[in-house]
Amino acid sequence: MRILFAGSKRQQIPNIMFALDRMGHEVVFYPKPMEEVSKEEAEVQLRQFIKNLRIRFVISNMFSPIMAQLTHELDIKYAVYGMDSPYYATYLPIFPRYDNCYLFYFDRREYQMLKDRGCRNVYWLPLAADVASAQNIAITDEELEAYTCDISFVGGLYGNNQYDELIGRFPEEIQQIFSRIIEQSAFCWDGTDRVTPFLNPRLLRFIKEICPELYEAGFDMPDDYFIKTFFLDRKITNVERTLLVRMLAERYDFRLYTWNREKVPEGVNRFPQLSSLTETSKVYYAGRINLNITLRSIENGVPLRVFEIMSVGGFVLSNWQEGIPELFEEGKEIVTFKTPEEMIEKADYYLSHDEERMRIGINAYQKVKKCYTFEQQIGKIISILFPAL
């Protein structure tokens, strides 16, 4: 089957292409990321590209309204898998009109919200590990020595967020409400939503009056959900990640791999953003403990970082998250914490119990190899799109 992979400059998951190739499909790649394709180009060059190559269906990891419209007009199915949560483009008014679009969400809460809105072609599907590619990665003794550390975290601190940019516009009374929301919500990983109860209609109206530009995109989603995920959850994540990496840096040989624009707390051993999936895999393999701190807007799902770590047999220490118990067994395939104190306690324990730590990493690898490879998950997508195959 000839399949077009529609790339994105914001988030690339080439594992999808690799898996399709291993499954025997012919994968075609359009030379431009979808964000750079204008409506005029889509109507001429992209349309002709798809028609000339007789593309059977299109798949991407980020929803593209332009691709949704074009594939609808060409009567071609369009699948999206591996998105952020939430991915705001799916709340644009364009999506519900197109029955050819199939969205696969790894966050069960996000899936249920769209299902409740009457969107028919939405599915819950956990993310995946590219075990096949990971098996082919060779790490030299020099690289192993260079990458080995007690604990590492690969990701951003969300230091650049809308909250910090806009908070100065609000009067002191409203700033105090926001501070109280953050204080009561941060560092509590028990599945309880402590943000939405504060977002009463009066506060939401006030936010819209003070910061109308937040709403310019016109997303068709509840105001409280939008403000929670876009405005407050990112700031809460910034507060959590900043403090946790500082705590770890004070106690362990800790490494933070992040991009240059991030402001890193003093004393944290900062390393540049990793340049490739191969380099990232080597970091996950060599580190004794790999940390996952989930972005707060992911409410009931397991992020890609966890699967990538497990694909090389790495040990995952993660904040507790709704969705983890459904996929992985605590203490056997993953270790979680619900408070910063518990994070330190478990890090101490597993750094001093090498055999247990390595066994958990091996168990995690075996679990994703058995249940959560890209071939398995994409196979499920194809069976939904083409049940007769």
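**View 1. Lining of the second largest pocket.** The second largest pocket has 22 lining residues, with Gly191, Thr192, Asp193, Arg296 and Glu299 nearest its centre. A pocket here is an open set of points on a 1 Å grid over the protein atoms alone, with protein on both sides within 12 Å along at least five of seven lines; lining residues have an atom within 4 Å of a point. The model is predicted: local features need pLDDT of at least 70, side-chain atom pairs count only at pLDDT 80 or more, and totals for chains, interfaces and linings use all residues. Residues are numbered from 1 along each chain as its sequence is written, and side-chain values use heavy atoms, without hydrogens and water. The pocket holds about 330 Å³ of space, the volume being that filled by probe spheres set on the points. Helix α10 gives the largest share of the lining, 3 residues.

**View 2. Helix α10 against helix α14.** Helices α10 (residues 223–251) and α14 (residues 340–351) pack at about 35°, axes 11 Å apart. Helices are DSSP runs (H or I, at least four residues); strands are E runs of at least two. Axes are lines fitted to C-alpha atoms, and angles run from 0 to 180 degrees between N-to-C directions.

**View 3. The open six-stranded sheet.** The 6 strands run in the order β9-β8-β7-β10-β11-β12, with parallel pairing. Pairing requires at least two DSSP bridges. Strands β10 (residues 289–292) and β11 (residues 316–319) share 3 bridges; Leu291 has Leu317 of β11 as bridge partner.

**View 4. Helix α14 on the sheet.** Helix α14 lies across β7, β10, β11 and β12. Its direction makes about 150° with β12.

Key
On a 1 Å grid over the protein atoms alone, a cavity is a set of points where a 1.4 Å probe fits but cannot get out, and a pocket is an open set with protein on both sides within 12 Å along at least five of seven lines; lining residues have an atom within 4 Å of a point. Contact means heavy atoms within 4.5 Å.
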